[in-house]
Amino acid sequence: MIVNVNSKHQKLPTQARGAKIFHWINIISLFLMLTSGLQIYNANPVFGGRSGLHIPPIFTLGGWLAGGRHWHFAAMWLFSLNLLWYGFYILITRRWQHRFVGANDIKALQKTQNPKRLIYAWHRIVYTSIIPILLLALFTGIGMYKPAQFSWIVDIFGSWQGLRIVHFASVPLVIIFALVHWWLGKKAGGSQLTDSMFW
């Protein structure tokens, strides 16, 4: 984030174009994966089998099982490549030094009384926590996509059903992260900061 301050006015926060592209692709691919994933879920609900809870068609994408799978895995590739590209981007630009949790953030939680500093510390902690969650979602997704080729992934979770439950559980975790990430960003810099992530 770049904030310029002069003696009279504080200019609006701005974001690098790469960060904006990353956020837009994330939102689009996550929406496609969520709605197509619900279509796949309807074919054989994780909880309750064929008689389990079914999602209304208005919230699903694909129209049927194969259609949902096609959309889901296409969006998964988009999402994964976007993460890979962003990983190189923050590595090359050294943005990782300001994005991820460090020892100073842990100390801040224990000692500082500065509300702004606490928000920044929590923001970096939350930002870092999404990495293992996304890796888990992708790892279990690969196991579900190619269970014969990656049977060892299925074995790690005990069974196919166990794998599906863990993959399904990663969805609300990502949604919770997105909401907390947005809320902390708004607490740190107001709606101007969160808007700058996209516009």
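Contact here means heavy atoms within 4.5 Å. The model is predicted; local features need pLDDT of at least 70, side-chain atom pairs count only at pLDDT 80 or more, and totals for chains, interfaces and linings use all residues. Residues are numbered from 1 along each chain as its sequence is written, and side-chain values use heavy atoms, with hydrogens and water left out.

The chain contains seven helices and zero strands. These are DSSP runs numbered from the N terminus (helices H or I, at least four residues; strands E, at least two). The C-alpha trace spans about 65 × 35 × 30 Å along its principal axes. Of the 199 residues, 35% are buried, that is, under 20% relative accessible area with a 1.4 Å probe, protein chains only.

The largest nonpolar core has 17 residues. Such a core is a set of buried Ala, Val, Leu, Ile, Met, Phe, Trp, Tyr and Cys residues joined through side-chain atoms within 4.5 Å. Met33, Ile130, Leu134 and Val174 have the most contacts inside it. Helix 1 (17-43), helix 2, helix 5 and helix 7 (160-196) each give two or more residues to this core. Leu134 touches Phe79, Leu83 and Val174, leaving aside residues up to four places away in sequence.

Helix 2 (residues 65-92) and helix 5 (residues 115-145) pack at about 140°, with axes 12 Å apart. Axes are lines fitted to C-alpha atoms over the stretch in contact, and angles run from 0 to 180 degrees between N-to-C directions. The two helices are therefore oblique to each other: angles under 35 degrees count as roughly parallel, over 145 as roughly antiparallel, 65 to 115 as roughly perpendicular and the rest as oblique. Residues meeting across this pair include Phe79 and Leu83 in helix 2 and Leu134 in helix 5.

How values were computed: Buried < 20%, exposed > 50% of the residue type's maximum accessible area, 1.4 Å probe, protein only.
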